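Please read this briefing alongside the sequence and the coordinates.

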Amino acid sequence: MGVLPVHRARTVRDQSFTNTKQSPSCLWADQAHQYSQYSTLHGLRYIGDTKLHFVERAFWVVSFLLAVIAAIYFITNTFRKYTETPVIMTMSPTATLLSSIPFPAITICNMNNVRRSEAEKILKAPNDTTSILERQLLRSRCNHDLDEVEDNRTSDWNYIKEFMFKVSQPCEDMLVACLWHREFYNCSEIFHPILTDEGVCCTFNKLNRTIVFQNPLALSDLNDSFKFPSADWSPQNGYPANTPHDYLPWRPWGTGSHLGLTLVLDAEQNEYYCSSEASFGFKILLHNPVESPKMSSFGSAISPGKETRFVINPHIMTSTSQLTTIPIEKRNCFFNNERPLRFFRVYTENNCVRECEANFTLSFCNCVMYYMPKDRFTHICGKKDSKCALHAQRTMEILKSQKVLNTTIPHNATLTGCDCLPGCFELDYSKVQSTSMLTEKLNIRSEYLAGRNPLYFKKNMAVLHAFFMEAQFSGVQRDVLFGFTEFLLRLQ
């Protein structure tokens, strides 16, 4: 066999390449055909199979397109769910032990606004400047009409505070006996006076004001001394490590009434001069130890002559650390460092609402009610401002319930700073309440009587037992619906 010359061989290769060269459209068709033959996508290989009938191939084309459309639809839905509703609420995978949460703070108010003995002293006092002012405050405290021009001292916070303590029932008179986990305590050591919308009340297990408020020295709140030290507790961070058990807020010792709190209360019916309600007795509220109670709206009434049992149920909300990557407007909750408050150190929805009420009332009426958070320079609303303050509170609640925030209303008052979303970590309490009648015919513990006769005990006294029934509770946990990795896995 002879060998072709070099130039002859090169000419043959060039002619062969020229003959096999195809147009771009044919090239793409050939590549698409080859891809369909070797693709692992279901049904695609039948579309390019020239051995099948045209109708069969058309069927597979339609089926494949429908599958692609369905896949795009489900992927779009998954992506929208991933971006628009990224948070899911589930039962906490681990139970919360009773020893890891505080016993609720308990605030108690006598419905008697003014003691009769103090009112009679004021009314019988000679007509001097002090007596006239105290009579005006007395009528104001009992919600009588006040037509006289108020003296400047009737709007002075220190003067109002001194008068309220003068006419209110002291905690040492209201609380006759206090048992905490079966041990008797001096009630004045574990209960402290607190100012609420019901006047001067008494509170148990509430944290020291230095823990509750941002700058306690600048506030016009009560500066009561605490015998027991307070831990820097919050719903989000819990107790600091190695916190002693006797630090406030106290933790439950166990379940059952014998390991809870038992109180004996004296209503002093003979001392009633005017009541906040159309009855006599006490208002009681269980609340978070870092929150200020709102007694008039949420307090439960208990009557003298009855023994009441509160079975406490905590409501625990927690969140995972992954939730910090979700925008606030989509997770609808605040971590403690994301929503600083002016007065309170710890963010809770209730604390935020209290500040909102104070700010809105101040912008609406140029004053705040005495029980609202405030500094020493804030003007306290007097009797003539009370209608404006009540109207401001009602207006704020209506606007807030309708989610109309930062809306301008009369007097240039606005709901700025009222974006009070729930905390990502919250702790609230509810109760199951039951009562039974007291009687003077049975033996009554001498500690309960405290020198009073059984007839007085039945008429004026109330016995309260507050306790937990379960040793662990299931909370609610906020978590991401699925992360980006889980999102990619869903697409497979």
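**Surface patch**

Val62, Leu66 and Ile69 make a nonpolar surface patch of about 300 Å². The model is predicted: local features need pLDDT of at least 70, side-chain atom pairs count only at pLDDT 80 or more, and totals for chains, interfaces and linings use all residues. Residues are numbered from 1 along each chain as its sequence is written, and side-chain values use heavy atoms, with hydrogens and water left out.

- Patches consist of residues with over 30% relative accessible area and no salt bridge, where like charges are joined within 9 Å and nonpolar side chains (Val, Leu, Ile, Met, Phe, Trp, Tyr) within 5 Å.
- A salt bridge is a side-chain nitrogen of Lys or Arg within 4 Å of a carboxyl oxygen of Asp or Glu.
- Areas are from the Shrake-Rupley method with a 1.4 Å probe, and for residues only the protein chains shown count as cover.
- Ile69 belongs to helix α4 (residues 54-84); helices (H or I, at least four residues) and strands (E, at least two) are DSSP runs, numbered from the N terminus.
- Ile69 counts as exposed because its relative accessibility is 55%, given that buried means under 20% relative accessible area, exposed over 50%, and partly exposed in between (1.4 Å probe, protein chains only).

- Six of the six residues of β9 (residues 261-266) are buried.
- Leu261, Leu263 and Leu265 point one way from β9, while Thr262, Val264 and Asp266 point the other way.
- In a regular strand, side chains alternate between the two faces of the sheet.
- Strand β5 (residues 175-180) runs antiparallel to β9 and is joined to it by five bridges; two strands pair if DSSP finds at least two bridges between them.
- Strand β15 (residues 461-468) pairs with β9 in the antiparallel sense over six bridges.
- Leu265 of β9 stands opposite Leu175 and also opposite Ala462 in β15.

**Five-stranded sheet**

- An open, antiparallel sheet has the strand order β7-β8-β3-β11-β12.
- β7 (191-196) and β12 (300-302) are at the edges with a single partner strand each, so one side of each has no neighbour in the sheet.
- Strand β11 (residues 282-287) pairs with β12 in the antiparallel sense over three bridges, and Ser300 in β12 is the bridge partner of Ile284.

**Loop residue Ser92**

- Ser92 sits in the loop between β1 (87-91) and β2 (96-97).
- Ser92 is buried, with a relative accessible area of 16%.
- A polar atom of the Ser92 side chain lies 3.1 Å from the backbone oxygen of Thr94.

Note on methods:
A polar contact is a pair of N or O atoms within 3.5 Å; within protein, one must be able to donate a hydrogen and the other to accept it, and residues adjacent in sequence count only if both atoms are side-chain atoms.
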